Amino acid sequence: MELPRPLVELTVAEWLDELALPSPSPGGGSALAFALASATAVLAMAARVSESGGLAAQAETLRTRTAALAQLDADAYAAALDARAANEALRADRRDWEIGQAYTRAAEPPLEIARAAVDVAELAVQLVQAGDQRVRADALAAAVLAAAAARGAVALVSVNLTTFEGDPRVAEAMQLAAAAERAAAFAERC
């Protein structure tokens with residue numbers, strides 16, 4: 001079912017209702033993107049409390065970037081599902097190629113989520129280290145959310161690229177998740 005407006009324009013209640021529908025899109029990737037956008041909003045707050053305009057600006061840029069990924073993921077995955085349905089009548093080799101291409105495109109938003117998660121986790125480390133102590137735990141929570149989003153993105157990139165054994169994008173997603181996890185672990189030790 002086509003939504004009447006973009007995901008970022010839904011109320012929180014509408015978003016949760018949409019996510020809970022028995023439809024594969026929006027799904028896990030969109031949820032990861034919104035979790036990551038939530039983490040960046042927390043970082044923006046922490047930066048403002050810490051009176052760090054530069055870090056707040058970085059957090060706002062990341063929030064815009066990550067919130068947009070929710071829609072991109074939902075649209076790309078819906079397109080992959082549509083390609084699978086639309087190409088059923090094609091010759092097997094052509095059908096597999098068309099579907100493979102659609103799922104390759106569907107792997108891009110989760111890969112971008114993993115990339116953004118590293119940036120979010122690294123920004124969180126800066127706020128844990130230099131921010132106001134009243135919001136240190138908030139920045140740490142954002143780092144942990146970023147690491148979790150990156151790890152979840154690995155699963156989505158991997159499943160969308162199953163037809164391409166040894167695809168370097170799976171390795172990239174794993175490296176990004178490890179980097180986000182290292183940043184979150186470092187933030188915990190600060």
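Visitor: Which residues touch the most other members of the largest nonpolar core?

Guide: This is a predicted model, in which local features need pLDDT of at least 70 and side-chain atom pairs count only at pLDDT 80 or more, while totals for chains, interfaces and linings use all residues. Residues are numbered from 1 along each chain as its sequence is written, and side-chain values use heavy atoms, with hydrogens and water left out. The residues you ask about are Leu7, Leu36, Leu43, Ile113, Val120 and Leu127, in a core of 55 residues. A nonpolar core here is a set of buried Ala, Val, Leu, Ile, Met, Phe, Trp, Tyr and Cys residues joined through side-chain atoms within 4.5 Å, and buried means under 20% relative accessible area, with exposed over 50% and partly exposed in between (1.4 Å probe, protein chains only).

Visitor: And which elements give two or more residues to this core?

Guide: Those elements are α2 (28–49), α3 (53–86), α4 (92–130), α5 (136–160) and α6 (168–189), and the largest share, 14 residues, comes from α4. Helices (H or I, at least four residues) and strands (E, at least two) are DSSP runs, numbered from the N terminus.

Visitor: What is Leu36 in contact with, beyond its sequence neighbours?

Guide: Once neighbours within four places in sequence are set aside, Leu36 is in contact with Thr66, Ile113, Ala116, Ala117, Val120, Ala146 and Ala149, where contact means heavy atoms within 4.5 Å. Apart from that core there is another one, of eight residues, including Ala76, Ala80, Ala83 and Tyr103.

Visitor: Changing topic, how many aromatic pairs does a search of the whole structure find?

Guide: The search finds two. Rings of Phe, Tyr and Trp (its six-membered ring) pair if their centres lie within 6.5 Å, and planes under 30 degrees apart count as stacked, over 60 as edge-to-face and the rest as tilted.

Visitor: What about Tyr77 and Tyr103?

Guide: Their ring centres are 6.2 Å apart and the planes are at 80 degrees, so this pair too is edge-to-face. Tyr77 lies in helix α3 and Tyr103 in helix α4, so the pair ties together parts that are 26 residues apart in sequence. Tyr77 counts as partly exposed, at 25% relative accessibility, whereas Tyr103 is buried, with a relative accessible area of 12%.

Visitor: Where is Thr40, and what does its side chain reach?

Guide: Thr40 is found in helix α2 and is buried, with a relative accessible area of 1%. Its side chain reaches the backbone oxygen of Ala37 at 2.7 Å; this is a polar contact, a pair of N or O atoms within 3.5 Å, of which, within protein, one must be able to donate a hydrogen and the other to accept it, and residues adjacent in sequence count only if both atoms are side-chain atoms. Not counting residues up to four places away in sequence, Thr40 touches Ala59, Leu62, Arg63, Thr66 and Val120.

Visitor: And Gln71, what does that one touch?

Guide: With residues up to four places away in sequence not counted, Gln71 touches Pro6 and Leu7. Gln71 sits in helix α3 and counts as partly exposed at 22% relative accessibility. Gln71 and Ser30 are 41 residues apart in sequence and 6.7 Å apart in space, C-alpha to C-alpha.

Visitor: Stepping back, how many helices and strands does the protein chain have?

Guide: The protein chain has six helices and zero strands, and buried residues make up 44% of its 190 residues. Along its principal axes the C-alpha trace spans about 60 × 40 × 25 Å.

Visitor: Last one: where is confidence lowest, and where is it highest?

Guide: Confidence is lowest in α4, at a mean of 93, and highest in α2, at 98, with pLDDT being the predictor's confidence in each residue, from 0 to 100. The mean pLDDT of the protein chain is 93, and 97% of its residues reach 70 or more.
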